[in-house]
Amino acid sequence: MALNLNKNLKLYYSIKEVAQMFGVNESTLRYWEQEFPYLKPKTSGPAKIRQYQEKDIEQIKLIHNLVKVRGFKLAAAKKIINSNRDGADRKAEVLTRLMGVRDGLQALKRQMDFLQ
């Protein structure tokens with residue numbers, strides 16, 4: 001079996017790390033946990049420190065896409081997720097890929113502009 005060097009080896013992320021990933025406040029993530037019952041990061045110790053796994057980050061990515069990127073209210077985002085979970089996941093994935101392509105094209109344009 002070949003070693004997969006591309007796989008992320010980190011199993012858990014802190015709330016601070018996740019908040020930075022998405023450019024939101026830690027309090028926003030806590031609020032989303034209350035509003036979206038399927039978003040439940042693991043907690044540890046008496047202080048109930050949140051430990052986000054990849055599956056939690058995927059949930060946050062979907063919520064972030066609907067609420068922050070596309071501008072839906074929380075109630076509308078809940079309705080979309082509950083009525084068409086697979087469709088919402090696919091749209092979020094496509095949007096993420098498109099944003100990556102856009103960023104790559106913008107970087108390429110900056111390099112081309114620098115050469116001129």
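Predicted model: local features only at pLDDT ≥ 70, side-chain atom pairs only at ≥ 80, totals over all residues.

Guide: Begin with a single residue. D56 has a relative accessibility of 2%, and because the limit for buried is under 20%, D56 counts as buried.

Visitor: Where is D56 located, and what is D56 in contact with?

Guide: D56 sits in helix α3. With neighbours within four places in sequence left aside, D56 contacts L39, K40, P41, K42 and Q51.

Visitor: How confident is the predictor in the protein chain?

Guide: The protein chain has an average pLDDT of 83, and 85% of the residues score at least 70. Confidence is lowest in helix α5, residues 85-115, where the mean is 77. Helix α2, residues 26-35, has the highest value, 94.

Visitor: Which elements make up the protein chain, and in what order?

Guide: The protein chain holds five helices and two strands. Read from the N terminus, the order is α-α-β-β-α-α-α.

Visitor: What do the totals for burial, contacts and surface look like?

Guide: Buried residues are 26% of the 116 in the protein chain. Among contacts with a separation of 6 or more, 53% join residues 24 or more positions apart.

Visitor: How should I read a nonpolar core?

Guide: In soluble globular proteins, nonpolar side chains tend to be buried together. Here the largest nonpolar core has 20 residues, and those that touch the most other members are V18, L29, W32, F36, Y52, I60 and I63. At least two residues of this core come from each of α1 (15-22), α2, α3 (54-69) and α4. Helix α3 gives the largest share, six residues.

Visitor: Take Y52 from that list. Which residues is Y52 in contact with, leaving aside its neighbours within four places in sequence?

Guide: Y52 contacts L11, Y12, Y13, S14, I15, V18, L29, E33, P41, I57 and I60.

Visitor: How do I tell which side of a helix is covered?

Guide: In helix α4, residues 74-83, the buried residues include L74, A77 and I81. These three cover an arc of only 60° around the axis, so they lie on the same side of α4. A75, K79, N82 and S83, on the other side of α4, are exposed.

Visitor: What makes a salt bridge, and how many does a search of the whole structure find?

Guide: Side chains of opposite charge can pair when their charged atoms come close. The search finds seven salt bridges in the whole structure.

Visitor: Start with R30 and E26. How far apart are their N and O atoms, and where do the two residues lie?

Guide: The side chains of R30 and E26 form a salt bridge at 3.5 Å, N to O. Both residues lie in helix α2, four residues apart, about one turn of the helix. R30 is partly exposed at 32% relative accessibility, and E26 is partly exposed at 29%.

Visitor: Which residue does K78 pair with, and what does the pair tie together?

Guide: K78 forms a salt bridge with E35, and their closest N and O atoms are 2.7 Å apart. Because K78 is in helix α4 and E35 in helix α2, this pair ties together parts 43 residues apart in sequence. K78 has 27% relative accessibility and counts as partly exposed.

Visitor: And the third example?

Guide: K109 and D113 form a salt bridge with closest N and O atoms 2.9 Å apart. Both are in helix α5, four residues apart, about one turn of the helix. K109 is exposed, at a relative accessible area of 51%, while D113 is partly exposed at 40% relative accessibility.

Visitor: What should I look for in the backbone angles?

Guide: Most residues other than glycine have a negative phi. K48 is not a glycine, yet has a positive phi of about 55°.

Visitor: Where is K48, and is K48 buried or exposed?

Guide: K48 is in the loop between β1 (42-44) and β2 (49-51). At 53% relative accessibility, K48 counts as exposed.

Conventions:
Residues numbered from 1 in each chain as written. Heavy atoms only, no water. Buried < 20%, exposed > 50% of the residue type's maximum accessible area, 1.4 Å probe, protein only. Arc of directions from axis to C-beta. pLDDT = per-residue confidence, 0-100. Salt bridge = Lys/Arg side-chain N within 4 Å of Asp/Glu carboxyl O. Core = buried A, V, L, I, M, F, W, Y, C linked by side-chain atoms within 4.5 Å. Contact = heavy atoms within 4.5 Å.
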